[in-house]
Amino acid sequence: MAQIAFTINGQPKSLELDPATRLLWVIRDTLGLTGTKYSCGMSLCGSCTVHKDGEAIRSCTTPVSAVAGSEITTIEGLSADLSHPLQRAWIEEEVSQCGYCQPGQIMIAAALLAKKRRPSDRDIDTTMSRALCRCGTYQRIRRAIHRAAREV
Amino acid sequence: MTAKTTISRGDFLKVSTAAGTGLALAFHLPLLDKLTAAQALDGFEPNVWVSIDTSGTVAITMHRSELGQKVWTTLPMILAEELEADWSRVQVKQGHFNPAYGGQSTGGSASVRTSYDKLRRAGATAREMLITAAAQTWDVDRSSCRAENGAVIHDPTNRKLSYGELVETAARLPVPEEVSLKDPKDFKIIGKSMKSLNAASMVDGSALFGTDFKLPGMLTAVVFRCPVFGGKVASYDDSGARAVPGVRHVTQISSGVAVVADDTWSALQGREALKVTWDEGPNASLSSEDISRTLADAAQSEGTAQREEGDAQAALDGAAKKLDAVYEVPYLDHATMEPLNCTARMGNGSCEIWVSTQNPGEAHEAAMEITGLSAEAIKVHTLLSGGGFGRRLADDFVRDAVEVAKVLDVPVKVIRTRDENIQHGLYRPASYHHIQGGLDRKGQPVAWIHHVSGPADSSFSVSADSPNYGIDMAYAIPNVYVDMTTSDIPVPTGPWRSVANTQIAFVNESFIDELAHAAGKDPYEFRRTLIKEAHPRLLGVLDLAAEKAGWGKRRRGRYQGIAVHGCFRSYAALVAEVSVNRRGEIKVHKMVCAIDCGTVINPDGVKSQVEGGIVLALTAALHGAITLKNGRVQQSNFHNYKLLTMREMPVVEAHILPSNEPPTGVGEPPVPPTPPALTNAIFAATGKRIRRLPVDTGELKRG
Ligand code: FES
Ligand code: FES
């Protein structure tokens, strides 16, 4: 057990837990933020993606000790009111089918957009190929990222 | 122009007049095409409710499960159309399972198909009552009033009352026995692409899936399962597991040993520390090679005839040109992104279940069997599903949770890890096909003989009379013989998006392509001339796909393949455009789909289902195989059970054939023709006929 402090969606937290606990389960089970999803647990699908100091990371394989002192953002913290351009674009393009992978997709795309204001199809292919969607929404994800890029 | 329709007894419309609740109508949607005798006799059992409160909000409570197929938007659209509702005021809620409603399974692309008329009548009934309420309020003739956008309007006096203002009066009126349905040309919602009612919840993390559900005091469990199908626990040592902080219980259930903990991480750690000795049973040496051999051997013996026209053997013997081929497809997992899971609570003689399911009725029955409780003592709540594709029609994951809950006095959620999902699936059956065809001197097919060999499984049927299983032989060939043999193979199987159509369409649409090439004819023209007159809609989609894809006008280095199939009373044709490089690597550039699914409620919804169906089917054709060795599934996660990625995503075009026929299936029909369109294109590109899935790119290497 160890005391680990970090900030999540702007709120400071200090938790007493097994430092090996994967960040995903801390976010979901301990902090009750269920927007971040579990699907593969092996850094293969992207469903569990959150931002650590602005970088997209896979929370399912990240021990909570690795985020001590960091600022974590989850899908719940992306915007308070659906105002993030990606959220708006996702709604506009009717991207979601079952929706399960979408928080992860959006968090990966948000980190991409933060770095590259006008990502090319190639940038999108490279970055978004790390996020799986079984429902097959890729074409719309691509469109939505371009739409959001035009709006920022 | 409107059509009068009588509210039949089958609608079972009822109005709730409880004061202060606004107008609440309850009605019954048949969940199967026909009401069962029991449902008809039992009298009124509502399973859909529409209520309009005094603020004008329209709440529709649905019985169908939302899995990504957008029924929570499409079904309310139908009702809202006739209701003349203001779409921005429509909300949807998940209805909970009540055993009295009969099955509530969501499958067979059936939701819209079986609900369309009823939902329209329900919406029209509410609208008529609101119009009557307004006419009475104003003391005018009701024929001078009309409904629009959530209000009743009296044009002669320019007066208007919102639905919210009318509901209290309307609720006191009798339910009309006859209502008028709108002329489809006046539709304002049906046929328009509406925004999904739950779209916002999908992008801010607020959508609550089964895995997200939580109850106070709830524990989380994972199960250690025997890696061999049919194996059992011989003994286990839980001392290590119990020593893990947070682990509360270790208990044996039918499917293995469950580790119950305060949270998921502790449960996973506990499972790591658990030692189980398995009695692997009789299947411990089973391999994919054995299964292939069993199916191939079975194909040699006489099967049960499924279709017999003319004398196929004689015609084949006398044919000028003969073709003989073997096709084979593997087991496939559903791989829903949300792992299977279920939450259950037992106590005080009752059992409550919260689950992402396509089939709450099945969950309810399983719970009755396990707990021995009465039907009334069990409650099933359906939660949002992160994909289903047929997997969530089963109840194995519900059983896990109920069995664990039985020995606890607190609620428990049982969640499966990805490897469990992949290794303990209910797979799309593997199958083996021996197929022969004969052409006459002019290149006309005269004989077609197809021996289908597969595992014994109810979801694997090529019966000619089931419309769900599609048109197994759409081409006018005078002598046809199709038979089927089944073998007992100890691999669990189940329905997978579009069921046996996946195997049959791959084989039929590949082999018809082989015949076309053998006859020296264009594969599209060849199909055109052979499609039976009885299938004009099949021809319609074939032509539309060819036209939109620019069939024959291909670009340098790119090759096309075409395929067409009908199932779930809908029709879909696909044109694939691919290139294959010297290393055998395939690039799928474009997939053009034409679909005829009758009246379209939500065109964008249809398109997204087409996109999804194509991706699922391409994934299967390019990557999908569940294989066995030593009785164990060899795949465990997305590194060896690969899903299509963004990089591999082709441009998908979905073209809808305009139609006034009743709405039919959308979720499944685009799936079956996709793999053969792809492999036919690969043949055009390389001259290599793919008869085994997934495509082995090693075989496509040149030079
Ligand atoms: S759950 Fe973390 S990458 Fe899949
Ligand atoms: S929307 Fe269902 S997995 Fe992506």
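In the predicted model, chain B and chain A bury about 4600 Å² between them, and 57% of this area lies on carbon and sulfur atoms. The accessible area lost when the parts come together is often used to express the size of an interface. The contact involves 58 residues of chain B and 48 residues of chain A.

Polar interactions also occur across this interface. Between chain B and chain A, 24 residue pairs are in polar contact, and 4 salt bridges are found. A salt bridge links Arg28(A) to Asp212(B), with the closest N and O atoms 2.9 Å apart. On the side of chain B that touches chain A, two or more residues are given by each of helix 5 (199–203), helix 7 (264–273), helix 16 (603–623) and strand 30 (651–656) of chain B. Helix 16 of chain B provides the largest share of that side, with 9 residues. By class, the side of chain B that touches chain A comprises 27 nonpolar, 17 polar and 14 charged residues.

Within chain B, a packing of two helices was also examined. Helix 13 (residues 501–518) and helix 14 (residues 523–530) of chain B pack with their axes 9 Å apart, at an angle of about 105 degrees. Because angles of 65 to 115 degrees count as roughly perpendicular, helix 13 of chain B and helix 14 of chain B are described as roughly perpendicular to each other. Helix 13 of chain B contributes Glu509(B), Ile512(B), Asp513(B), Leu515(B), Ala516(B) and His517(B), which meet Pro523(B), Phe526(B), Arg527(B) and Leu530(B) in helix 14 of chain B. The residues of this contact divide into 6 nonpolar, 1 polar and 3 charged.

Definitions and conventions
Residues numbered from 1 in each chain as written. Chains lettered and ligands numbered in written order. Predicted model: local features only at pLDDT ≥ 70, side-chain atom pairs only at ≥ 80, totals over all residues. Heavy atoms only, no water. Axes fitted to C-alpha atoms, helices over the stretch in contact; angles between N-to-C directions. Helix = DSSP H or I, 4+ residues; strand = E, 2+ residues; numbered from the N terminus. Parallel < 35°, antiparallel > 145°, perpendicular 65-115°, else oblique. Contact = heavy atoms within 4.5 Å. Nonpolar A, V, L, I, M, F, W, Y, C, P; charged D, E, K, R; others polar. Buried area = accessible area lost by both parts, 1.4 Å probe. Salt bridge = Lys/Arg side-chain N within 4 Å of Asp/Glu carboxyl O. Polar contact = N/O pair within 3.5 Å; in protein donor to acceptor, adjacent residues only side chain to side chain.
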